Amino acid sequence: MLSVDVSHPMQGFDLNVAFEAPPGLTVLFGRSGSGKTTVINAVAGLLRAERARVAVNGQVLSDTDQALWQPPHKRRLGYVFQEGRLFPHLSVKQNLRFGQWFAPKDAPQEDMARVVEMLGIGDLLSRRPASLSGGEKQRVAIGRALLASPRLILADEPLAALDEARKAEILPYFERLRDETGVPILYVSHSPTEVARLATTLVALDEGRVVQQGPAIEVLGDPLFTPSGVRSVGAVIEARIAQHHDDSLSELEAGGIPLFLPHVGLDLGTPLRVRIAAQDVMLSLEKPTGISALNILEGRIDQVRSGEGPVAIVSLDTSAGRVLARVTRRSVEAMGLAPGLKVYAVVKTVSIAPQDVGG
Amino acid sequence: MDWLGPEEWQAVALSLKVALWATLGGLPLGLFVAYALARWTFPGKQLLNGIVHLPLILPPVVTGYLLLLTFGTRGPVGGFLQDLGLVFAFRWTGAALAAGVMAFPLMVRAMRLSIEAVDPKLEEAAATLGASRLWVFVTVTLPMILPGVIAGAILAFAKAMGEFGATITFVSNIPGQTQTLPSAIYAFLQVPGGENSAMKLVLISVAVAMSALLLSELLARRISKRMEGG
């Protein structure tokens with residue numbers, strides 16, 4: 001349980017952010033300049049906010065109303081920075097051990113061998129950070145944060161400096177961190193993909209205010225939620241792997257409905273999340289036949305949201321979960337799309353991006 | 001080595017002793033001042049910076065005279081220290097003080113540059129991992145600035161070996177007490193037939209200065225190689 005309440009004057013606006021997050025991974029989501037980094041640095045104690053109350057699992061780290069402020073080194077954190085920030089004069093192994101040197105002796109110790117195995121960095125231990133690739137550095141940084149026996153793991157856009165291939169390489173490690181360690185994680189991001197893959201809880205910021213917060217699946221399925229523009233809207237479906245087919249397709253099962261995706265390299269039965277971008281969803285009033293798209297989901301319209309431009313976002317409830325579709329306002333009128341109407345959502349298998357699929 | 005006479009030996013040994021103490025004594029204070037100038041903002045920072053650099057720009061004779069006024073037995077600080085049993089005037093300790101003061105700006109400059117080159121973000125990262133300010137300095141900052149510290153110390157040592165003007169003004173030129181290498185060279189040149197001895201000391205001076213320079217290059221290269229290497 002993480003509880004944060006921060007106020008701080010910023011350029012152009014006053015930051016005023018309060019949220020409570022259940023265990024799991026909480027994503028602070030918003031455009032650059034919305035105040036995400038200010039909030040996470042106030043939680044870390046790297047920034048002395050004008051007013052700050054931060055508590056983790058009942059332990060108060062900072063409460064300016066009671067003149068209580070712990071310096072960063074007493075907060076027992078693991079912070080994964082965007083640029084890694086590994087110590088260049090130490091080997092990878094010494095970097096990993098750095099936090100352990102200062103952790104209280106009675107703190108629950110993460111097992112070095114287990115963390116090294118989980119992050120796949122066994123071959124790097126004797127190397128220096130200067131000789132590592134960007135993705136390797138970030139894996140070591142995750143390990144270093146985790147091995148400090150932290151009460152809370154912080155991550156400030158840890159993937160932003162990496163190319164797409166490296167991002168795809170690191171994302172699963174954060175999923176494992178979330179699912180296997182039980183340490184609460186506060187994760188700053190402006191990427192819808194990362195939110196969809198990682199977030200248990202979503203806190204969306206804009207100009208220093210919380211515009212929406214709640215369980216990630218719910219918030220992402222809300223057609224009113226378009227913080228980074230209508231193009232990036234997309235709901236998340238929770239599914240599990242049902243079957244791998246010979247033609248390089250994987251069949252998923254979500255609420256009794258089969259979904260076909262390009263091959264997913266996970267074992268049968270593995271639960272995973274699939275983000276379906278709203279702009280890749282087509283709506284039909286009758287069950288379409290004779291089309292190439294493999295995924296057809298029957299659902300009922302919950303909301304239609306029309307904006308200023310030509311576009312409308314339609315949300316529908318299917319037995320697989322909430323699906324969002326981005327269609328034109330003209331289609332909404334021509335088809336008479338309205339809440340309660342039964343429609344079919346059509347999703348091309350190949351339109352689902354591999355980085356939008358994962359545990 | 002009977003190549004050198006006893007008087008010459010004395011000057012060389014004294015110079016080494018003086019330079020060593022001037023360097024070791026200046027090191028902790030120099031590191032502190034360099035850190036303060038590189039990292040902190042405080043009122044009077046420019047004044048401190050000026051005072052540190054003063055010996056570099058003042059005529060050495062002026063620095064020596066100011067030292068005499070301050071640390072002489074009748075000076076305000078000198079009188080107080082004399083009660084504690086520490087005398088600078090006309091002793092080798094005074095030569096070490098003069099050499100230390102003259103070498104201080106060089107030492108601070110080298111160390112300040114290396115501290116400014118350390119990314120404070122790394123120190124922040126160390127703090128989030130549980131290291132207090134002191135531990136951050138010991139485990140992150142100090143190892144990273146080590147080449148600069150060593151370079152500064154060696155530069156200061158070489159400068160202290162060659163210090164002449166402030167030393168001779170402050171503690172005079174007493175053989176065995178305050179006659180360092182440069183003072184001895186100067187003294188030999190003042191007497192007829194002393195050129196031979198002076199030349200030998202000049203050669204030693206050049207050898208010491210050159211080895212100090214080479215040593216610092218070697219150490220700096222080794223450390224930076226270790227830092228970048230795989």
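## How to read the model

Because the model is predicted, local features need pLDDT of at least 70 and side-chain atom pairs count only at pLDDT 80 or more, while totals for chains, interfaces and linings use all residues. Residues are numbered from 1 along each chain as its sequence is written, and chains are lettered from A, with ligands numbered from 1, in the order in which they are written.

## Two domains in chain A

Let us start with chain A. Chain A is divided into domain 1 (2-220) and domain 2 (234-278 + 291-352); such bounds come from an automatic or database domain assignment. The C-alpha centres of domain 1 and domain 2 of chain A lie 31 Å apart.

Where do the two domains meet? In chain A, 6 residues of domain 1 are in contact with 6 residues of domain 2 (contact means that C-beta atoms, placed from the backbone, lie within 7 Å). On the domain 1 side, helix H6 (192-198) and helix H7 (216-220) of chain A each supply at least two residues. H6(A) gives the most, with 4 residues. Helices here are DSSP runs of H or I with at least four residues, and strands are runs of E with at least two, numbered from the N terminus. By class, this side of domain 1 of chain A has 4 nonpolar, 1 polar and 1 charged residues. Nonpolar covers Ala, Val, Leu, Ile, Met, Phe, Trp, Tyr, Cys and Pro; charged covers Asp, Glu, Lys and Arg; the others, Gly among them, count as polar.

## Strands of chain A

An open sheet of 5 strands in chain A has the order E14-E13-E12-E15-E21, with antiparallel pairing (two strands pair if DSSP finds at least two bridges between them). Strand E14 (257-262) and strand E21 (357-358) of chain A stand at the edges with a single partner strand each, so one side of each has no neighbour in the sheet. E21(A) pairs with strand E15 (residues 271-277) of chain A over 2 bridges, in the antiparallel sense, and Val274(A) stands opposite Val357(A).

Another strand to look for is E17 (residues 295-306) of chain A, which runs antiparallel to strand E20 (residues 342-347) of chain A and is joined to E20(A) by 6 bridges. There, Leu297(A) has Ala345(A) as its bridge partner. E17(A) also pairs in the antiparallel sense with strand E18 (residues 311-318) of chain A, over 7 bridges, and Arg305(A) is partnered with Ile313(A). A hairpin of 4 residues links E17(A) to E18(A).

Now for chain B, which has 10 helices and 0 strands. Its C-alpha trace spans about 70 × 45 × 30 Å along its principal axes. Of the 230 residues in chain B, 39% are buried (20 or more other C-beta atoms within 10 Å of their own, with C-beta atoms placed from the backbone).

H7(B) bends by about 55 degrees at Leu146(B), and Pro147(B), a proline, follows within four residues. The bend is the angle between axes fitted to the seven residues ending there and the seven starting there.

## Where the chains touch

Finally, 21 residues of chain A are in contact with 18 residues of chain B. Strand E7 (77-80) and helix H2 (92-102) of chain A each supply at least two residues of the chain A side, and the largest share, 3 residues, comes from H2(A). By class, this side of chain A has 13 nonpolar, 4 polar and 4 charged residues.

How values were computed: Buried ≥ 20, exposed ≤ 12 C-beta atoms within 10 Å, placed from the backbone.
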